[in-house]
2 protein chains.
Amino acid sequence: MTISKISRPVCILGLGLIGGSLLRDLSALDVEVFGFNRSPSGATAAQEEGFDVTTDLVAVLERAATTDALIVLATPMPAIASLLDAIATHAPNCGFTDVVSVKAEVYSLVCDRGMADRYVGGHPMAGTADSGWPASMTGLFKGAAWVVTFDHAYDDPTDTWISLWIDVVHLATLVGAEVIPSRVSAHDQAVARISHLPHIFAEALAITGDNGGALALSLAAGSFRDSTRVAGTHPSLVQAMCETNRDALLIALDEALELLSDARAHLASPENDLSLLIDTGYRSRIRYEARAAGSSGISGRPILRLHPGAPGWVSQLEQAENLGARIDVF
Amino acid sequence: MTISKISRPVCILGLGLIGGSLLRDLSALDVEVFGFNRSPSGATAAQEEGFDVTTDLVAVLERAATTDALIVLATPMPAIASLLDAIATHAPNCGFTDVVSVKAEVYSLVCDRGMADRYVGGHPMAGTADSGWPASMTGLFKGAAWVVTFDHAYDDPTDTWISLWIDVVHLATLVGAEVIPSRVSAHDQAVARISHLPHIFAEALAITGDNGGALALSLAAGSFRDSTRVAGTHPSLVQAMCETNRDALLIALDEALELLSDARAHLASPENDLSLLIDTGYRSRIRYEARAAGSSGISGRPILRLHPGAPGWVSQLEQAENLGARIDVF
């Protein structure tokens with residue numbers, strides 16, 4: 001594994017679960033890192049722990065511009081457009097990335113503003129049902145997948161962009177994540193299936209259980225606890241990610257609804273036979289377990305080494321996307 | 001809390017996750033306990049750990065008859081009918097309970113055989129995705145809900161039955177469970193919502209994620225892991241419990257499908273608004289968390305003290321069922 005380093009300071013906008021955890025990890029690694037948080041309570045809490053944090057957006061962006069920092073947009077989706085405008089005004093030459101869970105919508109806002117040559121999209125697949133600075137922690141990204149997008153690689157990108165892309169990969173690798181390259185559309189389709197749909201299902205399960213009244217809630221055990229866990233996520237966060245990824249979510253939801261309708265028909269039929277759904281679901285879960293990091297901590301994701309900017313690197317990225325492979329840049 | 005004791009030996013038929021864990025806990029408590037397992041591999045493994053276990057069903061039931069043991073049926077549903085027949089033949093005076101996750105179907109088999117006056121239904125809400133003797137462990141039932149049914153209390157039961165009912169309550173309490181009384185029908189409706197439906201949803205989510213291919217499986221993180229966990233349960237166990245509880249499961253499934261169809265319509269509409277589902281689901285999950293034992297280990301279930309057989313005890317049981325309350329017998 002190549003040793004990761006990052007060639008510039010890091011400026012994090014938004015110190016919630018993801019941004020705050022990133023600030024903690026980078027600080028612990030002695031990376032020069034500073035941040036902005038809109039809410040004074042989060043900023044004050046971070047300052048009290050000794051972090052270099054402000055509530056002054058213009059000041060933090062001017063500092064990023066002066067130090068040529070890598071800017072990380074770590075706010076929920078609704079704040080992204082106005083942050084992009086602020087970056088365009090106050091840090092017009094800085095490269096930036098983001099950690100938003102939907103990539104097409106962010107990329108479209110970036111392209112609308114002509115900023116694609118200094119943007120590399122990111123999405124760490126890490127989280128808990130908790131949010132805000134108090135939920136942030138060190139080590140959150142250890143072993144997690146961190147998607148880094150590469151759509152702009154098809155647009156004859158500058159060396160500056162390639163160097164930015166490398167820094168974003170290093171940022172993720174430094175905090176222990178496994179970088180998986182993907183184009184925005186493939187990413188959004190994948191996360192609709194493995195994140196947004198599970199959130200929608202968790203909400204429906206929580207409600208159906210609750211409708212069973214006090215007895216049902218008293219009997220609820222492990223299967224209910226785990227299958228509804230993410231229904232405890234703050235509603236505005238779930239709404240923002242699901243609604244922003246509407247088209248991909250509709251495809252995944254319709255697929256799941258068809259599976260459930262078929263299962264309902266099999267259950268209600270004289271045969272009363274759920275084996276098709278249950279056998280298929282079991283095999284799918286086993287395939288997932290084989291890929292996920294086991295209790296041993298060893299990742300089941302394939303690895304692919306590549307040299308950014310070298311001839312053929314874009315087809316290597318496509319191959320990694322197709323395999324769900326993590327990459328090691330050299 | 002009243003000190004629990006049990007007035008007779010315990011004979012466990014089936015030493016899988018539940019039966020095996022019960023054997024371990026009761027042994028550790030110095031209760032006289034012996035068991036039967038159909039598969040020699042499980043029986044041998046238990047014997048090698050020093051447990052009093054056989055693969056001879058007739059012998060174990062004759063021993064239960066001789067010692068007036070409380071028999072616990074701890075096999076999956078498909079084996080119950082033949083075990084009841086064996087008990088009728090070889091241990092015709094023993095009281096018995098079961099741990100099957102569906103109660104109406106078992107109760108109907110019991111009543112068909114005229115054995116209701118020596119049966120008390122049970123269901124410990126504990127489990128993992130693993131099964132069989134190797135999955136058994138001590139402490140599995142600590143803090144878990146353990147349903148004890150009381151339908152027969154309406155049939156002018158004998159003192160023998162009431163004493164059996166008390167022993168079943170003590171059995172559950174001894175291993176650290178919280179006893180929640182329920183009639184079979186209320187139980188089955190509740191578990192359809194909080195256990196069987198989550199299993200069905202987990203299967204559908206696992207398949208829909210898997211359909212996203214290698215990239216989706218590589219990106220799958222906490223929400224997918226937890227929401228599909230029980231899809232890793234052995235398919236035959238999931239099938240047995242869901243199909244056996246068909247009527248109640250259909251009601252819960254239809255309710256959930258209606259929630260999801262409404263959400264789909266809201267998502268696809270020009271308003272693109274999932275707030276109804278998400279806000280309601282969030283509030284439901286918060287209500288569940290308030291009832292579930294917190295990290296402090298303190299149960300959120302209300303408690304109700306009652307004296308089995310005393311005047312009015314049946315209406316106290318109905319009240320407990322309605323409140324999802326745990327009981328303390330004195």
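## Contacts between the chains

A polar contact is a pair of N or O atoms within 3.5 Å; within protein, one atom must be able to donate a hydrogen and the other to accept it, and residues adjacent in sequence count only if both atoms are side-chain atoms. By that rule, 38 residue pairs are in polar contact across the interface of chain A and chain B, with both residues at pLDDT 80 or more. This is a predicted model.

Helix 7 of chain A, residues 184–210, gives the most to the side of chain A that touches chain B: 20 residues. That side of chain A holds 45 nonpolar, 25 polar and 18 charged residues. Six salt bridges are also found across the interface of chain A and chain B. In a salt bridge, the side chain of Arg264(A) meets that of Asp254(B), at 2.6 Å from N to O.

## The interface as a whole

Chain A brings 88 residues to the contact, and chain B brings 88 residues. About 8,100 Å² is buried between chain A and chain B. Carbon and sulfur atoms give 68% of that area. Of the interface residues of chain A, 100% are also interface residues in chain B, so the copies meet through the same surface.

## How the copies are related

Two copies of a chain are related by a rotation about an axis and a shift along it. Here, a rotation of 180 degrees superposes chain A on chain B, with 0.0 Å of shift along the axis and an RMSD of 0.0 Å. The two copies are therefore related as by a two-fold rotation axis. In chain A, Ser227(A) has the C-alpha nearest the axis, 2.1 Å from it.

## A buried loop residue

Asn37(B) sits in the loop between strand 2 (33–36) and helix 2 (40–48) of chain B. Its relative accessible area is 11%, so Asn37(B) is buried. A polar atom of the Asn37(B) side chain lies 3.1 Å from the backbone oxygen of Ser39(B). Beyond its neighbours within four places in sequence, Asn37(B) is in contact with residues including Gly14(B), Leu15(B) and Thr54(B).

## Two positive phi angles

Most residues other than glycine have a negative phi. Asp30(A) has a positive phi, near 65 degrees. Asp30(A) lies in the loop between helix 1 (17–28) and strand 2 (33–36) of chain A. With a relative accessible area of 73%, Asp30(A) is exposed.

Asn272(B) is not a glycine, yet has a positive phi of about 45 degrees. Its place is the loop between helix 11 (246–268) and helix 12 (275–291) of chain B. Asn272(B) counts as buried, at 16% relative accessibility.

Conventions: Residues numbered from 1 in each chain as written. Chains lettered and ligands numbered in written order. Predicted model: local features only at pLDDT ≥ 70, side-chain atom pairs only at ≥ 80, totals over all residues. Heavy atoms only, no water. Least-squares fit on C-alpha atoms with pLDDT ≥ 70 in both. Contact = heavy atoms within 4.5 Å. Buried area = accessible area lost by both parts, 1.4 Å probe. Salt bridge = Lys/Arg side-chain N within 4 Å of Asp/Glu carboxyl O. Helix = DSSP H or I, 4+ residues; strand = E, 2+ residues; numbered from the N terminus. Nonpolar A, V, L, I, M, F, W, Y, C, P; charged D, E, K, R; others polar. Buried < 20%, exposed > 50% of the residue type's maximum accessible area, 1.4 Å probe, protein only.
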